[in-house]
Amino acid sequence: MAKCFSADFAGRPISLKADYMAGQADGSILATYGDTVVLVTAVSMKTGREGIDFFPLTVDYQEMTFAAGKIPGGFFKREGRPNEREILTSRIIDRSLRPLFPKGYTSETQLVATVLSVDSENDSDVTAMTAASAALAISDIPFKGPVAGVRIGRIEGQLVCNPPSALMEQSDLNIFMVGRKVPRDTDGAEFDVNLVMLEGDASEVSEDVVVDSINFGLESIRPVIELQDAMRQQIGKQKRTFEVKAADENLLARISELAERDLRDAYTTPRKQERNAKLDQIREKTLKKISPDDPALSAEAANLLEELERQILRNMILQEKRRIDGRSNTEIRPISSEVSILPRAHGSALFNRGETQALVALTLGTSSDEQRLDYINGEEMRSFMLHYNFPPFSVGEARPLRSPGRREIGHGNLARKALVPVLPSQETFPYTIRIVSQILSSNGSSSMASVCGGSLSLMDAGVPVKDSVAGIAMGLLKADDQVVILSDILGDEDHAGDMDFKVCGTKNGITAMQMDIKIDGINEDILRKALQQAKDGRIFIIERLRETISEPRKDISIYAPRITTIKVKPDKIRDVIGTGGKNIRQIISETGVNIDVEDDGTVTIASIDADAALKAVAMVRWLTEEAEIGKIYKGVVKKIVDFGAFVEILPGTEGLLHISQLAKERVNKVTDILSEGEEVMVKVLEIDKQGKIRLSRKEALGTHVQ
């Protein structure tokens, strides 16, 4: 029998219904938040996969178009490959939940979140995150939850929990965070809510605002965590028995004896490739001595060796107060950068920080190049894109090139959000902008290198950005009461650490951030210290960027399209386009420009040829011009009648040239002066209230078009 549990969440009820759908899953929750309904199932195989040293978790978030009363586009008329929002939401759920499974658990596990109904008031990603936790909590799958997700905005200075999308458009902050229950005592009656994952963007807000937002968000999810606790106590299954084989102390001692000294020496080698080569030799030599012919023993020894490496690196930082490359905890790796290195790109930059290198290229396009994103809750037209590529050679590997994965899409999305707040408005700079960050070498913080390189490329392209933007990756190592915060972490430090915290922004404030925490949580004091240290590092990096280019170039590349925007009355759009597109095709044919016409009367003309653009502008103005009293026009006689002639002075605009206005002397017949199809100079005498135009030829005699 279905059991339903509900609680108040941000002033609206959220309900979690168990044992209602998907009864063969290990855990199944139908979550309802307003008219947003998400089904989440959790299934974990009963036996673990042999011979692997990672947790095989798959998270799939999918939006069914019927959830919004829509039919999919395309030929097949069914849901296809996941869109960007689905990929990013899957990644957020995965990053939040993965650290909460027990170490050594290797059973194939899958979470599927299916959006069945959606409204514009309640986020499906917030609902899916909470339902995923609840499905795991009531199942027999081992899981250190519960957790809950929440979105925080700040509107007119006030923090708001799960604001509707219409209100979020007014917000200068958009943070999605996940919090976890951490009991204060053995019975769990009192508990704290600690941060597990955070991702967000902002309009240059201060570090204090971010901390206040996190505290506000964590407290707001307390009722949802209590709701899941109540579910687990009443209907939760007994967790399956799971035993992690205890480490063989004798084997560990033998590995330490054989490898520890050499590993310590290897971790004093600053350069990544040299260090990895030493580490590979040590691993191979150690495993050969321990288990030359026993695959099972070799796998166990390899896992113990990896853990030994991690502990050696942690002890170096925590106890010996030294990092792999000899830097202090707050020191940034050497930075260098160049711009304008690609002659035909509209903007380009090469950014180096330590052994991480990003080649960033920018292309300017017109509104026809905008990206169209079709989501179940509406369509988005994106005029700024940032694509992140991570080829295998960047880490010294040889493997087939593949289409972008979740990691590439996630890193590109973070870098894009970091740069959006400094971009000019479309009215000021009516271009579509695409940035591509190609990682050429990586040793940590490649996404942050994309932010720095992206900022340089924008200025190099002449995009009138407000300020320089930089990004920095922060790390944390915590052992008992000892805490070390690291600036600009290396890849090895990320692997051995307890937190990965990426912070982007200008000198004035934060524009984007992302945090993943592997431990129970960090307190407010640690968070404030990490944010301040990140700010100091960010400002240092910005100064280095400004040494390369301190402000946007005064003009765009000669190879970029020159865009001219003019406004016409909406009822004149048909005159620009013409019957069957005749007029606009003629303009394109004669000038070679690209033209986009919006419904509000905005006409955008783009061309790399300035003269062609001017000619196209003149043609559009001529097509949409309105008659002015007192102005002289070269018209064409369209029809002759007894009392005068009808003359077209502008496309689609005719006036009456009365016989009395043909000449200074008396005219007996109109055909004595004019013939149909003839060009004639006329002056506009009058335009009445109905728009009828009265013309004169005699007052235009001897004159030229103004």
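User: How many positive and negative side chains does the protein chain have?
Analyst: This is a predicted model, and its protein chain carries 90 positive and 105 negative side chains. The centres of those two sets lie 3 Å apart.

User: Thanks! What about helices and strands, how many are there?
Analyst: The protein chain has 15 helices and 29 strands. Its C-alpha atoms fill a box of roughly 125 × 60 × 50 Å along the principal axes.

User: And what share of the residues is buried?
Analyst: Of the 706 residues, 53% are buried. The chain exposes about 32900 Å², with carbon and sulfur atoms supplying 49% of that area.

User: Switching topic: how much space is in the second largest pocket?
Analyst: That pocket holds about 1500 Å³. Its lining comes from 40 residues, and Arg151, Met168, Asn174, Asp201 and Glu380 are the ones nearest its centre.

User: Which helices supply at least two residues each to that lining?
Analyst: They are α1 (84-97), α2 (124-138), α3 (165-168) and α9 (406-419).

User: Now Asp8. Where does Asp8 sit?
Analyst: Asp8 is in strand β1, which covers residues 3-9.

User: Why does Asp8 count as partly exposed?
Analyst: Because its relative accessibility is 48%, and partly exposed covers the range between under 20% for buried and over 50% for exposed.

User: What is Asp8 in contact with, leaving aside neighbours within four places in sequence?
Analyst: Asp8 is in contact with Pro13 and Pro223. Ile221 is 213 residues away from Asp8 along the chain, yet their C-alpha atoms are separated by 9.8 Å.

Definitions and conventions. Residues numbered from 1 in each chain as written. Predicted model: local features only at pLDDT ≥ 70, side-chain atom pairs only at ≥ 80, totals over all residues. Heavy atoms only, no water. Helix = DSSP H or I, 4+ residues; strand = E, 2+ residues; numbered from the N terminus. Buried < 20%, exposed > 50% of the residue type's maximum accessible area, 1.4 Å probe, protein only. Areas by Shrake-Rupley, 256 points an atom, 1.4 Å probe, with all protein chains shown as cover. Lys, Arg positive; Asp, Glu negative; His and termini not counted. Charge placed at Lys NZ, Arg CZ, Asp CG, Glu CD. 1 Å grid on protein atoms, 1.4 Å probe; cavity = no way out; pocket = protein on both sides within 12 Å on 5 of 7 lines; lining within 4 Å. Points joined across faces, edges and corners; volume = space filled by probe spheres on them. Contact = heavy atoms within 4.5 Å.
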